[in-house]
Amino acid sequence: MSTFTESAATALQLITSLDSELLTIVGRSLSVSATACALACGLGLMLGAWLGVARFAGRGAVLTLLNTLLAVPSVLVGLVIYLLLSRTGPLGYLGWLFSFKAMVLAQAVLVLPIVTALTRQAVEDAQSLHGEQLQSLGARPLMRSLLLAWDERYALLTVLIASFGRAVSEVGAVMIVGGNIEGFTRVMTTAIALETSKGDLPLALGLGLILLGVMLLLNVLIALLRRWREGQEGCTAPTLPLGVTA
């Protein structure tokens, strides 16, 4: 078995030589996560913005359920999606099990509560500061949610980046519904688990380094976005949000 140093050197060689197997796995992993985030964020941003403004009977129960979904294990989500997509399940006729679509669905379900909860919190904070002004101008809840979400767009960009990081690092659900099939449904996290169990440490390390690089890049983007936003707020005079004049 290779030592850690030899495995690391081989892993770096795989990365620098642009190994075809490694690039295929990385490309598929990024594609699955990007597609899942696009779907989850499209719905989660709208739902979260509405929950941040709307007041209705049972809202507390809905928020409690939403916060509970944040802690649901990914393997449980994978199991539920597996049962839904299996031949005897209600969605079995789609034939998605062990496919790209099944992995996208699993990751989207995992990311949706995160996007919704964080968006709801950001919009609700903005609502407490500026909601009365918009309401006095006749803006109804749906319009207020959209306006406040736009006003918090830079904070919501951070939510999108964080959600992609959550999706790309997920392993349990995609392994259950994707099957980790070589050339079809193998992504970075599932490949790392498989190659480690097989003893192919160089490929596992290479994929791990790339995954670590992706996470580092996402965190750098979040930090730069936060610093840029603070700079923008610091160099502009305080004004009422959304173009509202006193």
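A residue is called buried when its relative accessible area is under 20%, exposed when over 50%, and partly exposed in between, using a 1.4 Å probe and protein chains only. The structure shown here is a predicted model, in which local features need pLDDT of at least 70, side-chain atom pairs count only at pLDDT 80 or more, and totals for chains, interfaces and linings use all residues. Residues are numbered from 1 along each chain as its sequence is written, and side-chain values use heavy atoms, with hydrogens and water left out.

**First stop: the nonpolar core**

Please select L22, M188 and L207. These residues have the most contacts inside the largest nonpolar core, which has 49 residues. Such a core is a set of buried Ala, Val, Leu, Ile, Met, Phe, Trp, Tyr and Cys residues joined through side-chain atoms within 4.5 Å. Among the elements that give two or more residues to this core are α2 (20-53), α5 (100-136) and α10 (201-235). The contribution of α5 is the most, at 12 residues. Helices (H or I, at least four residues) and strands (E, at least two) are DSSP runs, numbered from the N terminus. In soluble globular proteins, nonpolar side chains tend to be buried together.

Now keep L22 selected and display its surroundings. Not counting residues up to four places away in sequence, L22 touches L14, I15, L203, G206, L207 and I210, where contact means heavy atoms within 4.5 Å.

**Second stop: two cysteines**

Select C37 and C41 next. C37 is buried, with a relative accessible area of 6%, and C41 is likewise buried, at 7%. The sulfur of C37 lies 5.2 Å from that of C41, its closest cysteine sulfur, which is too far for a bond. A disulfide is a pair of cysteine sulfur atoms within 2.5 Å, and the count by this rule is 0.

**Third stop: aromatic rings**

Select W50 and F56. Rings of Phe, Tyr and Trp (its six-membered ring) pair if their centres lie within 6.5 Å; planes under 30 degrees apart count as stacked, over 60 as edge-to-face and the rest as tilted. The whole structure holds 3 aromatic pairs. The ring centres of W50 and F56 are 5.3 Å apart and their planes meet at 15°, so this pair is stacked. W50 is partly exposed at 35% relative accessible area, and F56 is partly exposed at 30%.

**Last stop: the loop between α6 and α7**

Finally, select E152, which is found in the loop between α6 and α7. E152 is buried, with 15% relative accessibility. Beyond its neighbours within four places in sequence, E152 is in contact with A122, A126 and R229.
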